[in-house]
Amino acid sequence: MTSLIIQSSKYSFYLLFLLSLPIILEVDQILKIWLITVPEYASIFTVLVLVIILINSISGPLMTAVQAAGKIAIYQAVIGTLLFLTLPISYVFLKLGYPPEVTLYITIVIEIIALILRFFFLKRLINFPVFQFVKDVIIRNFPVVLLSVSLPLIVKKSIDENIWRLIIVVCVSLIWNSIVIYFVGLKRSEQKIMKKGLQKILHRIRG
C-alpha cells in the first residue's frame, strides 16, 4: 500500500508537471492565441491554478489512503474546516486592498498545510512512513522541477516572443522534462519498468 501511494503521488505529479510546464512558461502567448483579448489577471491566475493542481496531485493518493482506513470523521472535520478557511481569509485580504491573485496564494498555503495534516492523520491511522514519502516524492521533486525549468527557460530568454518561440519552447520543455524525470525523478527499478513498457509499446506499433 505504501509503495502504491508513493508511486501514485510521484507519477501523478510528473505527468501533470510534464503538461503544465510549457503552459506556465508560455502562458502569455497561449492566452493571446486562445482569447485574443486577454483579461488583466488571466496569466497569473492560470499559473497559480496549475500550481494548486500540482500540489493536489501529490495529495490525491494520500486522501484515498485516509479514506481507505475507514476512520474519516475527524479527518473530514479538520481538513474540511481548514479548506473552508480559504474563503474568509481571502475576504479579509481583499478588503485590505490586496490584488485578486492573493486568493490563490492563500489557497496554495492552505493546501500545503492540508498536505502536512494528511501526513499526521496517515501516521496516526496506519503508521504511514511519512519520512519515506517525503524523501521519495517531495524531496526528489525539487531537483526535477529545477532542472526541467532550466533549459526551456534559457531557450525562452534567447528568442523574441513569436509563434516559433512558442513551438520551440513547448517541444524543448516536453523532451527535456521527460529526460529529467526519467534520469533524476525515477529510481533504477522504476526506470526498468518504464523501459519495458516503452519497448512493449514500440513492439506493438511495429506490429
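This is a predicted model: local features need pLDDT of at least 70, side-chain atom pairs count only at pLDDT 80 or more; totals for chains, interfaces and linings use all residues.
**Stop 1: Gln29**

Gln29 sits in helix α2. With a relative accessibility of 7%, Gln29 counts as buried, because the cut-off for that is under 20%.

**Stop 2**

Next, select Phe133 and Leu62. These are the residues with the most contacts inside the largest nonpolar core, which has 32 residues. To see where that core comes from, colour α1 (2–25), α3 (42–69), α4 (73–84), α6 (102–126), α7 (130–158) and α8 (163–185), the elements that each give it two or more residues. Helix α6 supplies the largest share, eight residues.

Stay on Phe133 and show what surrounds it. Setting aside neighbours within four places in sequence, Phe133 is in contact with Ile5, Ile6, Ser9, Ile58, Leu62, Phe119, Phe128 and Ile138.

**Stop 2: α4 against α5**

Move on to α4 and helix α5 (residues 86–95). Their axes are 5 Å apart and the helices pack at an angle of about 20°. An angle under 35 degrees counts as roughly parallel, so that is how α4 runs relative to α5.

Which residues of α4 meet which residues of α5? Show Leu82, Leu83 and Phe84 on the α4 side, and Thr86, Leu87 and Pro88 on the α5 side. Sorted by class, this contact has five nonpolar residues, one polar and no charged ones.

**Stop 4**

Most residues other than glycine have a negative phi. Here are two to check against that.

Select Ile36, in the loop between α2 (27–35) and α3. Ile36 is not a glycine, yet its phi is positive, about 65°. Buried or exposed? Ile36 is exposed, with a relative accessible area of 70%.

Then jump to Asn127, in the loop between α6 and α7. Asn127 also is a residue other than glycine with a positive phi, near 55°. At 55% relative accessibility, Asn127 counts as exposed, because the cut-off is over 50%.

How values were computed:
Residues are numbered from 1 along each chain as its sequence is written. Side-chain values use heavy atoms; hydrogens and water are left out. A nonpolar core is a set of buried Ala, Val, Leu, Ile, Met, Phe, Trp, Tyr and Cys residues joined through side-chain atoms within 4.5 Å. Buried means under 20% relative accessible area, exposed over 50%, partly exposed in between (1.4 Å probe, protein chains only). Helices (H or I, at least four residues) and strands (E, at least two) are DSSP runs, numbered from the N terminus. Contact means heavy atoms within 4.5 Å. Axes are lines fitted to C-alpha atoms, for helices over the stretch in contact, and angles run from 0 to 180 degrees between N-to-C directions. Angles under 35 degrees count as roughly parallel, over 145 as roughly antiparallel, 65 to 115 as roughly perpendicular and the rest as oblique. Ala, Val, Leu, Ile, Met, Phe, Trp, Tyr, Cys and Pro count as nonpolar, Asp, Glu, Lys and Arg as charged, and the others, Gly among them, as polar.
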